[in-house]
Amino acid sequence: MGFESGDTGTVITSHNINYGDPNQIFVTDPRGWGGLAPNGALRPGYWNNRIVDDRIWQVHPEISKDLNSSFLSRLNFGANYTDHKKSLTPDEAFVQFTDPTLRNFVLPDQLNVGSADFSWIGLGHTLAFDPQQLLDNGIYTLVSNNLNPDVAAKAYDVHEKLGTVYLQADIKSQLGSTELTGNIGVQAVHTDQLSSGFVVTQVFPAGALTPASDGAKYWDVMPSMNLSFRFPNDWVIRAGLAREVQRPRMDSMRIANEYGVCQSGCAPYPILTGTAGNPELRPYRANAADLSFEKYSGIKGYLSRQLFYKYFNTFV
């Protein structure tokens, strides 16, 4: 191949293969990346599916009372209950040629889905096919699910239940020629989180998994205040103070471990790598302050200067 590299990348300028010709381009595994099946069949692919079940339901009752006082306009009391459950089941299998003697599969016309345009890199139009069609037509076959421990360890189930009660007072008052609006309130959130899955209890000589479950229960109390001062000369000043909480991702709370072992090319010792979640993980928590100065020009527009301060107490 000939190629040229420049500021916008590399382009192939010459080659002697027609990448769109099914008589030159075959479906195969020339480098043996997929390994050989016990019967000697090539494995030119891998089935890597995820079965995810994610459901959430919520109930939110609230009671409000109009006060119509000179300072408070309404009082709101409410509750919120959220039940969220997410599970993942790995569905992985080796993909190999059904015919164990097959090394180069010539793609027939009925499985040729047209060409992909790679002329932008200098390869012209290349052969294109749908691997699912090869599987449906029996060219590929799925060999029993991959049940290696590192695959089974990807499974997890996370269940979180959040119970919230809150009290909020709406403010509407006239301070001379300035109108004050906003609200002040507090909410208390009880979290009950639980995860089940597998943990690695043995790595060598072969991985072994043990079912496990763990979780946490805790409270968060979050006061907040939001005020807006509207002046007669089209100036508005807004101020806010709040204790803020943001929950971690569901998969970050999984108890499952995923791992792999490098046993060749990493001498003198095998190298163990992997990832894991934390079923006792706490959310982001921060104290925040916001201040905004706004000058309006009728309906033509406005100028605004916004300031904020945020202090993180915890970090996921």
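1. Ground rules. The model is predicted, so local features need pLDDT of at least 70, side-chain atom pairs count only at pLDDT 80 or more, and totals for chains, interfaces and linings use all residues. Numbering runs from 1 along each chain as its sequence is written, and side-chain values use heavy atoms, with hydrogens and water left out.

2. The main core. The largest nonpolar core has eleven residues, among them Val27, Leu42, Phe97, Leu111, Leu127 and Tyr140. A nonpolar core here is a set of buried Ala, Val, Leu, Ile, Met, Phe, Trp, Tyr and Cys residues joined through side-chain atoms within 4.5 Å. Buried means under 20% relative accessible area, exposed means over 50%, and partly exposed is in between (1.4 Å probe, protein chains only). Leu111 is in contact (heavy atoms within 4.5 Å) with Phe105, Ala128, Phe129, Gln133, Leu134 and Asn137, leaving aside neighbours within four places in sequence. A second, separate core has seven residues, including Tyr156, Val158, Met250 and Leu281.

3. Leu127. Leu127 counts as buried because its relative accessibility is 15%. Beyond four places in sequence, Leu127 contacts Tyr19, Gly20, Pro22, Ile25, Leu107, Asn112 and Gly114. Its C-alpha atom is 8.2 Å from that of Val113, 14 residues apart along the chain.

4. Aromatic pairs. There are eight of them, taking rings of Phe, Tyr and Trp (its six-membered ring) with centres within 6.5 Å; planes under 30 degrees apart are stacked, over 60 edge-to-face, and the rest tilted. Tyr284 and Phe312 make an edge-to-face pair, 6.4 Å centre to centre with 70° between the planes. Tyr284 is in strand S15 (residues 284–296) and Phe312 in strand S16 (residues 302–314), so the pair ties together parts 28 residues apart in sequence. Tyr296 and Tyr302 are stacked, because their ring centres are 5.0 Å apart and their planes are at 25°. Tyr296 is partly exposed at 25%, and so is Tyr302 at 48%. Ring pairs also link Tyr284, Phe312 and Phe315 into a cluster.

5. A charge on a ring. Arg43 lies over the face of Phe94, 4.1 Å from the ring centre. The rule asks for NZ of Lys or CZ of Arg within 6 Å of the ring centre and within 35 degrees of the ring normal.

6. Asp157, worth a look. Asp157 belongs to strand S9 (residues 156–175). Asp157 is buried yet has no salt bridge, and the nearest side chain of opposite charge, Lys85, is 4.2 Å away. A salt bridge needs a side-chain nitrogen of Lys or Arg within 4 Å of a carboxyl oxygen of Asp or Glu; Lys and Arg count as positive, Asp and Glu as negative, with His and the chain ends not counted. Not counting residues up to four places away, Asp157 touches Lys85, Lys86, Ser87, Leu194, Ser195 and Ser196.

7. Positive phi values. Asn68 is not a glycine, but its phi is positive at about 55°. Asn68 lies in the loop between strand S4 (62–66) and strand S5 (72–97), and counts as exposed at 67% relative accessibility. Asp234, also not a glycine, has a positive phi of about 65°. Asp234 is in the loop between strand S11 (208–230) and strand S12 (235–246), and is partly exposed at 39%.

Conventions. Helices (H or I, at least four residues) and strands (E, at least two) are DSSP runs, numbered from the N terminus.
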